[in-house]
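Here is a short briefing to read alongside the sequence and the model. Take a look at the fold, and then let's walk through some of its details together.

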Amino acid sequence: SPQMIDIAQERKQQALANEEDVDHVTFECTGLDSCLAAQQQSKKNDNKDPPPYNCIMAMSILHLLPHRQQVLQQFHETLPNEGGLLISSTVCLGDHPGFLTPTLLKWCLPIVSWTGYIPKVSILQKKTLRREMEEVGFDIVEEYHPGMDKAVFFIAQKKQAAGAAVDPPPKS
């Protein structure tokens with residue numbers, strides 16, 4: 001959100017005031033269309049220009065996308081070959097506790113979304129999202145799932161060419 005970008009810019013200014021080397025860091029709140037435009041521009045230049053994004057954050061959105069695998073593929077193609085990261089937070093309603101809960105959601109959510117009160121939501125499982133990320137060429141570096149009724153967080157890194165491994169981000 002634009003508010004998060006404002007917070008990031010404030011933190012960057014604090015870091016600059018402390019003489020930290022963060023001049024090269026930029027933040028943008030943008031949509032998928034920007035990823036596609038960057039991808040097309042790079043192809044026009046025969047991939048000579050560096051990708052504009054080193055990291056893409058997809059927070060609380062993947063379960064709402066009707067063509068999630070295509071979007072993941074576009075993210076993968078937009079990121080640089082060395083160390084490009086996808087950070088996501090996604091509700092996986094298919095993993096929700098309770099025997100009948102996924103079944104009820106499978107039938108109830110389409111009806112409620114048809115009324116326009118909520119967007120269309122995928123009844124997604126964590127293992128499915130992990131597999132989809134891996135299928136388009138991401139390695140899962142970190143996975144955090146604080147509880148069955150909570151969103152799952154993934155840090156995924158673009159797979160490296162053979163012999164060109166990049167160290168994963170440090171754990172804090």
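**A briefing on helices, contacts and charged pairs**

Phe75 is buried, with a relative accessible area of 7%, where buried means under 20%, exposed over 50% and partly exposed in between (1.4 Å probe, protein chains only). Please keep in mind that this is a predicted model, in which local features need pLDDT of at least 70 and side-chain atom pairs count only at pLDDT 80 or more, while totals for chains, interfaces and linings use all residues. Residues are numbered from 1 along each chain as its sequence is written, and side-chain values use heavy atoms, with hydrogens and water left out.

**Helix H3**

- Phe75 belongs to helix H3, which covers residues 68-78; helices (H or I, at least four residues) and strands (E, at least two) are DSSP runs, numbered from the N terminus.
- Between the C-alpha atoms of Phe75 and Phe138 there are 10.0 Å, although 63 residues separate the two along the chain.
- Arg68 is also found in helix H3, and Arg68 is buried, at a relative accessible area of 11%.
- The side chain of Arg68 makes a polar contact of 2.5 Å with that of Glu132. Such a contact is a pair of N or O atoms within 3.5 Å; within protein, one must be able to donate a hydrogen and the other to accept it, and residues adjacent in sequence count only if both atoms are side-chain atoms.
- Leaving aside residues up to four places away in sequence, Arg68 touches Leu62, Ser122, Leu124, Leu129 and Glu132 (contact means heavy atoms within 4.5 Å).

**Helix H1**

- Helix H1 runs over residues 2-17, and its 16 residues reach 23 Å from first C-alpha to last, close to the 22 Å expected at 1.5 Å a residue. That expected span is 1.5 Å times one less than the number of residues.
- Ile5, Ala8, Lys12 and Ala15 are the buried residues to look for in H1. Viewed down the axis of H1, the buried residues fall within an arc of 75°, so they line one face of the helix; the arc is that of the directions from the helix axis to the C-beta atoms.
- On the face of H1 turned away from the buried side sit the exposed residues Gln3, Glu10 and Ala17.

**Salt bridges**

- There are five salt bridges, each a side-chain nitrogen of Lys or Arg within 4 Å of a carboxyl oxygen of Asp or Glu.
- One of them joins the side chains of Lys126 and Glu143 (3.4 Å, N to O). This pair links distant parts of the chain, with Lys126 in helix H5 (residues 126-135) and Glu143 in strand E3 (residues 138-144), 17 residues apart.
- Lys126 is partly exposed at 23% relative accessibility, and Glu143 is partly exposed at 27%.
- Glu134 and Arg130 form another salt bridge (3.2 Å, N to O); both lie in helix H5, four residues apart, about one turn of the helix.
- A network of salt bridges links Lys126, Arg130, Glu134 and Glu143.

**An aromatic pair**

- The structure has one aromatic pair. The ring centres of Tyr144 and Phe153 are 6.1 Å apart and the planes stand at 35°, so the pair is tilted.
- Rings of Phe, Tyr and Trp (its six-membered ring) pair if their centres lie within 6.5 Å; planes under 30 degrees apart count as stacked, over 60 as edge-to-face and the rest as tilted.
- Tyr144 is exposed, with a relative accessible area of 52%, whereas Phe153 is partly exposed at 33%.
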